[in-house]
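Visitor: I am new to reading protein structures. Could you walk me through this one, feature by feature?

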Amino acid sequence: MAEETEQKPAKPAPAAPAAPPAKTKEEVLADPIVAAVASAMPAAFVNAKDAIGEISLYVARESIVDVCRAFKADSFTYLVDLCGSDYSTFPGHAGERFCVNYLLYSFEKNVRIRLKVFVADDVSVPSVTSVWKTANWHERETFDMFGIRFEGHPNLERILMWEGFNGHPLRKDFPIRGIDTGARIYPEVFPPGGGPAAGSTGKSHEDVNIWKGPAVPYGRSPKGQVPETKQVEAPQGSSDEGKADA
Amino acid sequence: MSATLPVVASMFGSIPEPIVNYVIWPTTKFVIAFAVIMGIVAFTTLVERRVLGFMQARLGPNRVGPQGILQFVADPIKLLLKEDIVPAGAQKAAYFIAPMLPIIPAFLAFCLIPFGPPPTFAIADVNVGLLLVLALTSTGVYGIILGGWASNNKFSLLGGLRSAAQMVSYEVPFGLSIVGVLMLTGSLSLVEIVRYQEQSVWNVLPQLIGCFIFLVAMTAEVNRAPFDLPEAESELVAGFHTEYSGMKFAFFFLAEYASMLVNACLIVLLFFGGWTAAIAGHGLTTAAMQSMGWLGMILGFLIFGAKVAFFMILYIWFRGTFPRYRFDQLMDLGWKWMIPLALANIVVTGLVILIAQSGGAS
Amino acid sequence: MLVEAPKTKWTDRFLLLDLLTGLRTTWRELWRKKVTVEYPENRLPTSDNFRGMFRFSYERCIACKICAMACPIEIIYIDVGEETREVDGKKKKIKVLNRYDIDVKRCMFCSLCEEACPTKPKSIWLTTGTYELASYDRNELYMNMQQLEYWEGRPEYSTLEEIAAEQGITEAKALPGKGDSK
Amino acid sequence: MTQTMLNLHEMEISFGPQHPSTHGVLRVMVKIDGERIVDAKPIIGYLHRGTEKLFENMNYPQCVPHTDRLDYVASATSNEGFVGAVEKLLGITDQIPRRAKIIRVMLAELQRLSSHLLWLATHAIDLGAMTPFFYTFRERELILDLFEDYCGARLTLNCMRIGGQADDVNAQWLQKLADFLGIFDAALDEYESLLTTNRIWRKRTVGIGVITPEDAIDWGLTGPPLRGSGIEWDIRRAFPYEVYSDLKFEIPVGRNGDTYDRYLCRMEEMRQSKKILEQCVTMIADTKEGDLKAKVSRVIRPAEGEAYFSVECPKGELGYYIIADGKNPNAYRCHVRPPSFVNLSALPDLVKGHLVADMVAVIGTIDIVLGEVDR
């Protein structure tokens, strides 16, 4: 295993070279890109960050629609993206669990800014569908994936998962595999109790090839020798024959 | 008729002559014609797939027999052996009758079409032959409407509706476009129309607009691209025959190709001189062919076949080239362009004939 | 840059030139060479680095498991045992590959395992130029190391040089790992 | 039953998920009055594979082959977006060797050509013109051959690595590319001779699915649907990545925002892509062979932070939003902003009042790939 360690440097990824010191909230909010809106409603912004050229503004949940309206009036006419994220297992994160990210773009300034709204479980967020039509499907997706409810959404139902699906897949406590979906197809082929078992890692042979039955003995003799059968198994010209037949 | 064929007639010996003339002889001709047409229609499907393939930089079916020539046998066998599925909610009786309805008039129309110089190749030379052909071809749509309705499928229903609307709007220019020809020739008999053309010129020259309208209308009449709305596969899955499988589907299919053939024959007879290759009485006229005996008959048949083949290829060519019209645009074209144009054509033709006659009289 | 429909004269439209150009295109294509490759008789040649069926070399493998770690869908299953063996009169512990399975039916042929393989020539590689992998039984596509090495229709090889040639390596280097441990 | 069948007033049709022209498994519940669409409701999710969840559970290099499966007809641009986002997160965007960048641009533009050719094929066949389908596939095959020669795969390329490229291009490949570019203009003209001036094609596309510029922005449309409405915006120009700032190309925009304008835009985009490729072929001659990868550690573990990076994929803006927690070699959250998903959400507005046949045209003109819509 010498090769592996050789090629794997011990130190983690190189940090961004000569990163400027992180800006404070006030500095970011004073940035000319967002200053107009930020000065108009200073109470709405909880925090602000500017990292790798992307401005993130942390907005209070109640005022998100007003903030979006203000930004839309201030040339940020375009909602690029809206997505959720679950910070429940984020290292060092204390505070509300979910976050809804809004990414706005201004054609005039040619710049994107991000608005972040943190919400706790079971707390709904005001919908911005009244500001941008495109928010409709994004919010439905966020609801589907995280269970964040959007207040005032015209049609808040699941979009990617099916109706009646239990759970919200992108929550961190949702298991990655081994969900009992309730679907039992082809019981005559797959034995009862088949299918990925809840909590299985999927890393063992039995987990994955459930229809294969017990593992077949395979592999070579533990001596580590190339078996003598090599010549028998590989008759000369077998590949040529195969091609000629075809 | 059999008077010109004493050898054949004598084979029937003791049978009374009227029966030979009006029962046995036409039936024999029809059975032969039916078999040949069935073969031609089946073969057309192969030709279509091959030619379309060639136009699209590919080969088309070429596996069954040399150059895929037996594909037209394999396809019906496949369709015969297929499971015949009847949708659960279908109107059983209508569902079964629907495929038969278009195929009967399509093949019946061949009785009236002279494939070559009379008398051999004209099964029934009726003096209103043209009207009868038009009447028969327009009944084919009932099967399509019925099939679309009986399948209990919304896509089929839409296909049937489209077909009905299309048929209604294209019957009119279809009929109007040949009025000019009738005015010129003064006869409804297809044989007479051809005789007229060999004595003057092909009707396509004096009736260019009429011919164009006829071409468009006949393409629309048989639901071929760019007017293949009833079975537009990208919109209505397969249109009226979505729920049909096996031989029932084959019947629709055969009916479509048979009507294609009928219409191609019609345009050749009406506008392109039928089996003749003559201008102003010179060249291979009907009389010249008849005087050549059997050779002339076969020559006429071949000339007719070549002309029809051209129009069959034209159908395929259109299908390989054009996008599909939309439902309302099709109506638009039919009602707002074709019908006024056809009417204008009739008026102009009438005026010209009137002037020519008065000029001749004075 | 504003794109606009080409201007057409009314005379062109009257003469149906727009339809006739289309007809001319298809007509010309009718007589051109066709591009169909009639498959079972003729096959398209694969390029040299075409990613197809796996090939595994037991001789080359040093049982480092890097390929299994690189695999995005975890379909490479490796068991490594240790064995004491006498080499040059000394007792030495060496790693022995007990199991090397690939669930080929789930593979997406991304070749990350080949890229990760530290041996040279590679112990696992996909450039065999074989793409006809269909099977009537899905279990046949779960392959152990013998099957991975000796599947039917594989390109023949027996020596290190030939493997190297198959992988397009001009100069085969002495193998690290197993060769050293002996 | 007969009664309901004959009651044509506001019939509801399930258009898909098994339908010839929904480009995959899109399902649209259409309410029609006769043939006129009263209401349309797209239902998606039939191809949902939980890619975002998978991204959270595998390390960064392993994600790259999965991005192929998002937009499976334009996997190079999907790769490009993802590796670009991770590089941005690592802060090594400037360290990528120029040769690798040029190769990326070449692959992305080839992919744009191939994707647009596929779009043209399906769009034309949706409107009943079946022949362009085969012509475009003939040329697309050449592009796929180029991909195969480059990275060994034809469709799901997995051709980009974080920090650079895995394979280099050689003179032979560049020659093959130049040969392909040589015939491409004639091929485009051939497609256009069947469609652009054809009166049936124009009748089917002009004035269908009109999007005003304001609506386009409101709906968040990107790519040709946005440009067809007359907004000259392209990420290659607005946020130039790779070497796009050194390349000369123009952004085609339409005037009316209808299906025909979007068709023209895409045709012109193909011509521009060809120009970009020609410039790349000359540009790559000045770079050092084999200089393909920046120094990246084997285990990629970016510092805590978040980054959004987007590329102009054939369908529009494909963005990746990655949150890294700084502890694990996998993304804490990776969100994909798929252009097809956003563009498709405007479908109900676009088809309302049109006929059923027009819906097929509109779905075709949005150019969706369900792998990307459903992820």
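Guide: Gladly. Keep one thing in mind: this is a predicted model. Let us begin with chain C.

Visitor: How many helices and strands are there in chain C?
Guide: Chain C has 7 helices and 5 strands. Their order along the sequence is α-α-β-α-β-β-α-β-β-α-α-α.

Visitor: How many residues does chain C have, and what percentage are buried?
Guide: Chain C has 182 residues, and 47% of them are buried. Its accessible surface is about 9800 Å². Carbon and sulfur atoms account for 54% of that surface.

Visitor: Now salt bridges. What is the general idea?
Guide: Side chains of opposite charge can pair when their charged atoms come close. Over all chains, the whole structure holds 66 salt bridges. One of them pairs Glu132(C) with Arg43(C), at 2.2 Å from N to O.

Visitor: Where in chain C do Glu132(C) and Arg43(C) lie?
Guide: Glu132(C) is in the loop between β4 (124-125) and β5 (142-143). Arg43(C) is in the loop between α2 (17-30) and β1 (55-56). The two are 89 residues apart in sequence, so the pair ties those parts of chain C together.

Visitor: What is the relative accessible area of Glu132(C)?
Guide: The value for Glu132(C) is 40%, so Glu132(C) counts as partly exposed. Arg43(C) is partly exposed too, at 34% relative accessibility.

Visitor: Which domains does chain B have?
Guide: The domain assignment gives domain 1 (1-81) and domain 2 (87-361) of chain B. In that contact, domain 1 of chain B supplies 22 residues and domain 2 of chain B supplies 25. The C-alpha centres of the two domains of chain B lie 19 Å apart.

Visitor: How do I read the interface between those domains?
Guide: Start with the area. About 2200 Å² is buried between domain 1 and domain 2 of chain B, and carbon and sulfur atoms give 84% of it. Then look at the pairs. There are 2 salt bridges between these domains of chain B, and 4 residue pairs in polar contact.

Visitor: Which helices of chain B supply the domain 1 side?
Guide: Helices α2 (17-55) and α3 (71-81) of chain B each supply at least two residues. The largest share, 16 residues, comes from α2(B).

Visitor: Is Ile113(B) buried or exposed?
Guide: Ile113(B) has a relative accessible area of 0%, so Ile113(B) is buried. Its place is the loop between α5 (100-108) and α6 (129-150) of chain B. Val262(B) is 149 residues away along the chain, yet the C-alpha atoms of Ile113(B) and Val262(B) are 7.9 Å apart.

Visitor: How many residues meet between chain A and chain D?
Guide: The contact takes 57 residues of chain A and 55 residues of chain D. About 4700 Å² is buried between chain A and chain D, with 59% from carbon and sulfur atoms.

Visitor: Which polar pairs can I count between chain A and chain D?
Guide: There are 28 residue pairs in polar contact, and 10 salt bridges, between chain A and chain D. One salt bridge joins Arg112(A) and Glu317(D), with the closest N and O atoms 3.2 Å apart. On the chain A side, β3(A) gives the largest share, 9 residues.

Visitor: Where does Glu317(D) sit?
Guide: Glu317(D) is in strand β7 (residues 316-324) of chain D. With a relative accessible area of 0%, Glu317(D) is buried. Its side chain also makes a polar contact of 2.8 Å with the side chain of Tyr308(D). Glu317(D) touches residues of both chains, including Tyr78(A), Val80(A), Trp233(D) and Pro338(D).

Visitor: Which residues do salt bridges join into one network?
Guide: Begin with Arg236(D) and Asp234(D), whose side chains meet in a salt bridge of 2.9 Å. Arg236(D) is buried at 5% relative accessibility, and Asp234(D) is buried at 1%. Through shared partners, salt bridges join Glu109(D), Arg112(D), Arg227(D), Asp234(D), Arg236(D), Glu269(D) and Glu312(D) into one network.

Methods:
Residues are numbered from 1 along each chain as its sequence is written. Chains are lettered from A and ligands numbered from 1 in the order in which they are written. This is a predicted model: local features need pLDDT of at least 70, side-chain atom pairs count only at pLDDT 80 or more; totals for chains, interfaces and linings use all residues. Side-chain values use heavy atoms; hydrogens and water are left out. Helices (H or I, at least four residues) and strands (E, at least two) are DSSP runs, numbered from the N terminus. Buried means under 20% relative accessible area, exposed over 50%, partly exposed in between (1.4 Å probe, protein chains only). Accessible areas come from the Shrake-Rupley method with a 1.4 Å probe; for residues, only the protein chains shown count as cover. Domain bounds come from an automatic or database domain assignment. Contact means heavy atoms within 4.5 Å. Buried area is the accessible area (1.4 Å probe) that two parts lose on being put together, summed over both. A salt bridge is a side-chain nitrogen of Lys or Arg within 4 Å of a carboxyl oxygen of Asp or Glu. A polar contact is a pair of N or O atoms within 3.5 Å; within protein, one must be able to donate a hydrogen and the other to accept it, and residues adjacent in sequence count only if both atoms are side-chain atoms. Lists of a residue's contacts leave out its neighbours within four places in sequence.
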